[in-house]
Amino acid sequence: MGEPRIKNEDQYEALRDKGYSKEKAARIANTPNAGKKGGKADPYEEWTKDELYDQAKNVGIDGRSKMNKRELISALRNN
């Protein structure tokens, strides 16, 4: 299985340069509002379970298919 696809490569590289892990940098760079300033991204609690699952898939979280919405949010925040 290859590396997850990154939607905002510039933001991803900037986060990696700041010392973020690959997973956390990918999670941030792949948000629907990636690259927008001012904290405009919706909090995970407002995402649907399917959106959370897709995001978990993008960043490579194992066991995501068995997780409920609360568990997906926790995994995304703590990955």
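**Helices, packing and an aromatic pair**

From the N terminus on, the elements of the protein run α-α-α-α. This is a predicted model, in which local features need pLDDT of at least 70 and side-chain atom pairs count only at pLDDT 80 or more, while totals for chains, interfaces and linings use all residues. Residues are numbered from 1 along each chain as its sequence is written, and side-chain values use heavy atoms, with hydrogens and water left out.

Q: What makes up the secondary structure of the protein?
A: The protein has four helices and zero strands, where helices (H or I, at least four residues) and strands (E, at least two) are DSSP runs numbered from the N terminus.

Q: Why is the pair formed by the rings of Y44 and W47 called edge-to-face?
A: The structure holds one aromatic pair. Rings of Phe, Tyr and Trp (its six-membered ring) pair if their centres lie within 6.5 Å, and planes under 30 degrees apart count as stacked, over 60 as edge-to-face and the rest as tilted. The ring centres of Y44 and W47 are 4.9 Å apart and the planes stand at 80°, so the pair is edge-to-face.

Q: Why does Y44 count as buried, and why does W47?
A: Buried means under 20% relative accessible area, exposed over 50% and partly exposed in between (1.4 Å probe, protein chains only). Y44 has 10% relative accessibility and therefore counts as buried, and W47, at 7%, counts as buried too. Of the 79 residues of the protein, 29% count as buried.

Q: At what angle do helix α1 and helix α2 cross, and what is the hand of the crossing?
A: The axes of α1 (residues 9-17) and α2 (residues 22-29) come within 9 Å and cross at roughly 145°; axes are lines fitted to C-alpha atoms, for helices over the stretch in contact, and angles run from 0 to 180 degrees between N-to-C directions. The crossing is right-handed. On the α1 side the contact (heavy atoms within 4.5 Å) is made by Q11, Y12, L15 and R16, and on the α2 side by K22, A25, A26, I28 and A29.

Q: How do helix α3 and helix α4 pack?
A: α3 (residues 49-59) and α4 (residues 69-78) pack at an angle of about 35°, with their axes 10 Å apart. Their crossing is left-handed, a term for the near helix being turned anticlockwise from the far one by less than a right angle, with right-handed used if clockwise. Residues in this contact include L52 and Y53 of α3 and L72 and I73 of α4.
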